[in-house]
Amino acid sequence: AILLQRCEAEMGYHHYEVIGRRKPKDIKVDLELELKGEVKNEEPEEPKIYRMKIFAPNTVVARSRFWYFLSKLKKIKRANGEIIAINEIFEKQPNQIKNFGMWLRYDSRSGTHNMYKEFRDTHLTGAVEKMYAELASRHRCRKSSIQIIKTCVVEDKDASSRLQPYIGTKDTPTEFALLHRIARPSSKSNKTVYKAHRPSTFF
């Protein structure tokens, strides 16, 4: 379990679209009736297709979570179902900072709770990782008991008050403190291996 958690932390999360359905039923034909010509040729009924967007470290976990959630919603399980396709969804604008809103449901020791939270990141998968970390620290909630119902991109003006200090404008851009600065020599001639005084890099 510890090794699995370490692998998940190193790999990060991916956004998958999993498409599956119930297996088509096989039509059983009576040979005697077929020889007599009394059997009508019936076309097999096409089962309904279900699509789900899932955040998981790999496709194996994505398949498992798909069957877990589908068995909760419909009377379909892995034994009588099949997965048609698994597609990974990538961020359209990975270099732009966005505010992501998430509607969640999680199970705690006292009951089931609904929640809405906002996170600021360049990727939706990065915001999901932040959400898992915050719920684990603030609410002692495990990843397996969290269900992401819906996600959306929130405009800067509509973001929550918690994110407003981190959103800058053209007139008042966001400022970040330079906590760790390494002094560089002005030229190569001034560069030395040893110094008389230990340099101070924190200001």
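Which residues does Ala 127 touch, not counting residues up to four places away in sequence?

1. Basis of the note. The model is predicted, so its local features need pLDDT of at least 70 and its side-chain atom pairs count only at pLDDT 80 or more, while totals for chains, interfaces and linings use all residues. Residues are numbered from 1 along each chain as its sequence is written, and side-chain values use heavy atoms, with hydrogens and water left out.

2. Overall make-up. The protein chain has four helices and six strands. Helices (H or I, at least four residues) and strands (E, at least two) are DSSP runs, numbered from the N terminus. Along the sequence the pattern reads α-β-α-β-α-β-β-β-α-β. Of the 203 residues in the protein chain, 27% are buried. Buried means under 20% relative accessible area, exposed means over 50%, and partly exposed lies in between (1.4 Å probe, protein chains only). The protein chain exposes about 16,300 Å², and carbon and sulfur atoms supply 52% of that area. Accessible areas come from the Shrake-Rupley method with a 1.4 Å probe; for residues, only the protein chains shown count as cover. Among contacts (heavy atoms within 4.5 Å) with a separation of 6 or more, 64% are between residues 24 or more positions apart.

3. Ala 127. This residue lies in helix H4. Ala 127 counts as buried because its relative accessible area is 0%. Apart from residues up to four places away in sequence, Ala 127 touches Phe 100, Met 102, Phe 119 and Asp 121.

4. Helix H4 as a whole. H4 covers residues 124-138, which is 15 residues. From first C-alpha to last it reaches 21 Å, close to the 21 Å expected at 1.5 Å a residue; the expected span is 1.5 Å times one less than the number of residues. The buried residues of H4 include Leu 124, Val 128, Met 131, Tyr 132 and Leu 135. Its buried residues pack against strands S1 (14-22), S2 (49-56), S4 (98-107), S5 (112-121) and S6 (146-154). After H4 comes Arg 140, whose phi is positive, near 55°.

5. Side chains of opposite charge can pair when their charged atoms come close. A salt bridge here is a side-chain nitrogen of Lys or Arg within 4 Å of a carboxyl oxygen of Asp or Glu, and the count comes to 10 salt bridges. Lys 117 forms one with Glu 134, the closest N and O atoms being 2.8 Å apart. That pair links distant parts of the chain, with Lys 117 in strand S5 and Glu 134 in helix H4, 17 residues apart. Lys 117 counts as buried at 15% relative accessibility, and Glu 134 counts as buried at 11%. Glu 134 also meets Arg 138 in a salt bridge (3.4 Å, N to O). Both Glu 134 and Arg 138 lie in helix H4, four residues apart, about one turn of the helix. Arg 138 is exposed, with a relative accessible area of 60%. Salt bridges that share partners join Lys 117, Glu 134, Arg 138 and Arg 162 into one network.

6. Glu 17 forms a salt bridge with Arg 51, the closest N and O atoms being 3.3 Å apart. Here too the pair links distant parts of the chain: Glu 17 is in strand S1 and Arg 51 in strand S2, 34 residues apart. Glu 17 counts as buried at 14% relative accessibility, whereas Arg 51 is exposed at 58%.

7. Aromatic pairs. Rings of Phe, Tyr and Trp (its six-membered ring) pair if their centres lie within 6.5 Å; planes under 30 degrees apart count as stacked, over 60 as edge-to-face and the rest as tilted. The count comes to four aromatic pairs. Phe 66 and Trp 67 form an edge-to-face pair, 5.1 Å centre to centre with 70° between the planes, and both residues are buried. Trp 103 and Tyr 116 form a tilted pair, 4.8 Å centre to centre with 50° between the planes.
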